Amino acid sequence: MVGEGIDVTGPCPCDTIFLRAKAGDLDGILTMSHDQGQIAMKLMGFDGGVTIAGGLPVPFRTPAHGTAFDVVGKGVANTGSVQNAFDLAVGIGGRRAARRRIHAMGARRRSAEGPRPSGPRAP
């Protein structure tokens with residue numbers, strides 16, 4: 001169990017993991033690189049899929065469809081992936097900001113309490 005309500009499974013075989021996700025058995029798949037999961041993700045959710053890059057200081061999300069230069073100005077683009085990428089970035093950024101505020105409040109509280117006594121504790 002990782003965090004509240006998050007189960008982690010794996011490692012899993014790459015030839016079946018995306019089938020399990022498509023069947024609804026998984027909420028997401030972690031791949032070791034962008035290209036490793038991009039083809040399967042696009043085949044499964046081109047109009048709604050989002051790639052999430054981890055380990056960066058800012059939330060970085062990209063839609064599955066790329067730049068869509070072939071439909072620019074035609075009014076036919078499906079905005080599902082862009083909206084999903086935006087919503088994920090806002091949600092993750094909001095949670096990060098909330099964690100920073102909570103940590104800052106704790107640091108101010110500890111600072112206001114003054115230095116902690118050192119040495120052996122009284123019985």
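**Close-up views of the predicted model**

**View 1. Helix 2 exposes Asp 35, Ile 39 and Leu 43 on its other side, away from the buried Gly 37, Gln 38 and Met 41.** Buried means under 20% relative accessible area, exposed over 50%, and partly exposed in between, with a 1.4 Å probe and protein chains only. The model is predicted, so that local features need pLDDT of at least 70 and side-chain atom pairs count only at pLDDT 80 or more, while totals for chains, interfaces and linings use all residues. Residues are numbered from 1 along each chain as its sequence is written, and side-chain values use heavy atoms, with hydrogens and water left out. The buried residues of helix 2 pack against helix 1 (17-22) and strand 1 (50-53), where contact means heavy atoms within 4.5 Å. Helices (H or I, at least four residues) and strands (E, at least two) are DSSP runs numbered from the N terminus.

**View 2. Strand 1 and strand 2 (residues 60-63) pair in the antiparallel sense over 4 bridges.** Pairing requires that DSSP finds at least two bridges between two strands. Ile 52 has Arg 61 of strand 2 as its bridge partner. The hairpin has 6 residues between the strands, and in it Gly 55 takes a positive phi near 80°.

**View 3. Ser 81 lies in helix 3 (residues 80-113).** Ser 81 counts as buried because its relative accessibility is 0%. Leaving aside residues up to four places away in sequence, Ser 81 touches Gly 45, Phe 46, Asp 47, Gly 48, Gly 49, Val 50, Pro 63, Ala 64 and His 65.

**View 4. Gly 91 is also found in helix 3.** With 24% relative accessibility, Gly 91 counts as partly exposed.

**View 5. The largest pocket is lined by 42 residues, of which Asp 27, Gly 28, Ile 29, Leu 30 and Thr 31 lie nearest its centre.** A pocket is an open set of points on a 1 Å grid over the protein atoms alone, with protein on both sides within 12 Å along at least five of seven lines, and lining residues have an atom within 4 Å of a point. Helix 2 gives the most to this lining, with 7 residues.

How values were computed
1 Å grid on protein atoms, 1.4 Å probe; cavity = no way out; pocket = protein on both sides within 12 Å on 5 of 7 lines; lining within 4 Å.
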